[in-house]
Amino acid sequence: YEILSGLVGSEMCIRDRNLILPTAEPDSSFISDSLTSCRKYRKTSLFVKMSETTTVQIGDRSFVLDREKAEEAFAAKSVINGKDTMFFNILPLKYQWAYDLYKTMKNNHWEPEDIPMQKDVEQWRGTDEISDVERWIIKMGIGYFSAAEGIVGDNIMHVVRELVTAPELKMVLGRHAHEENIHADSLVYMISSLGLNPHECEAMFEDIPTITAKNNFLVSNSRAMRRDVDLSITDNKQALAKNMFMFGQVMEGTQFYGLFGMILSLYRQNKFPGIGQMFRYTLRDESNHIELLRQLLNELVVENPEIWTEDFRSDLRETMRQGIALEKQFIRDCLPVDAVGLNAADFEQYIDYIGDRRLMNCRLDPLGDNVSNPFPWLAEMMDIKKEQNFFEGRVTEYQKSVSYTHLRAHETREELGWT
């Protein structure tokens, strides 16, 4: 009894049998049964293991873990060069933000087919309401994002997710890739609803020089990472960090916003409401992708401070400068902003504004000097907690949790000037 009383909450191993003693004071019946077991095996070796436990809380769920094993698993986790195992156990969490973001992204799940396209089809087939320029913008948006979403998803799966090692990071990156699939599926839904020729949309992406330049700017970095990368070498660590920055802050965080602004400006004028709604949901997803890759870059630098040299920081700022220049050229060549009531100079200023916000949120100096946001109306485009179904008058809620999850810290309305 004295032995068992001292083992409350511990693991008792008798031959091949494991008994977990209760955390409360054991009663006499438990003691009697346990002593009987001891006597039964009295002629064999008796091994008693004193095992401390720790409790991990995730949301409203509690998990009791072996303290020594938990500490070992926690210490083995890192963004790169951590323990690489097929056993996908995220406990104990080291990167709580990644799991929280995964849950937010999952709660924001949406399906393209749930969004009505009747009004869009009527406008597309009509002759009075929609101009040829506005049709061009829609084709350009569908054509560009049909390829761009695939490029992002492919890089996430075959570069970033392949190289990070912590399970919770792999989990949220998997969700990121899944959302790129949803976005691609939404574009297929748009093409089929409007009766577009998908090869025509594809040709727009391949044949326009400024789009090809944007594509090569990103793909060249991604392709260079698809090999056996020795991440003990600082140059390779910096190459991965630059990949995270390029795809998160430059492509998704800045270059996507040119077409987003164009299509949402049409939506603001009650044109193509279904397409506009899908782009609003896509933009909400993108804000989480931007935050995911920003946080991941930050964790990588914290764990590998040798990455963050002055030369490397200058390289990232130059990368953003190049990305902005390519986006502005794309706007001049392909996006007739005047046709949707926007000023071309203001639109380019908006890209400068967004690019500077991305830099500052990565602890980098902005390229401009206090560039202001010329499009505060974009705030209303992000307010998508509840949407009125266009034809049935019912409320559609694409947020499965009870409370609406707002944009992540870097993407708040205050920081983007969306007040």
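Glu111, Glu113, Asp114 and Asp185 form a negative surface patch in this predicted model. Such a patch is made of residues with over 30% relative accessible area and no salt bridge, like charges being joined within 9 Å. Asp and Glu count as negative, and the place of a charge is taken as CG of Asp or CD of Glu. A salt bridge is a side-chain nitrogen of Lys or Arg within 4 Å of a carboxyl oxygen of Asp or Glu. Accessible areas come from the Shrake-Rupley method with a 1.4 Å probe. Asp185 is part of helix H7, residues 167-194. Helices are DSSP runs (H or I, at least four residues), numbered from the N terminus. Asp185 is partly exposed, at 32% relative accessible area. Buried means under 20%, exposed over 50%, and partly exposed in between.

Asn81 has a phi of about 60°. It lies in the loop between H3 and H4 and is partly exposed, at 49%. Phe272 has a phi of about 55°. Its place is the loop between helix H10 (234-268) and helix H11 (273-303). Phe272 is buried, with a relative accessible area of 1%.

The peptide bond between Leu91 and Pro92 is cis, with omega about -5°. Pro92 sits in the loop between helix H3 (67-75) and helix H4 (96-107). Most residues other than glycine have a negative phi, and most peptide bonds are trans.

Residues are numbered from 1 along each chain, and side-chain values use heavy atoms, without hydrogens and water. Local features need pLDDT of at least 70, side-chain atom pairs count only at pLDDT 80 or more, and totals for chains, interfaces and linings use all residues.

Key
Patch = residues over 30% accessible without salt bridge, like charges linked within 9 Å, V, L, I, M, F, W, Y side chains within 5 Å. Helix = DSSP H or I, 4+ residues; strand = E, 2+ residues; numbered from the N terminus. Buried < 20%, exposed > 50% of the residue type's maximum accessible area, 1.4 Å probe, protein only.
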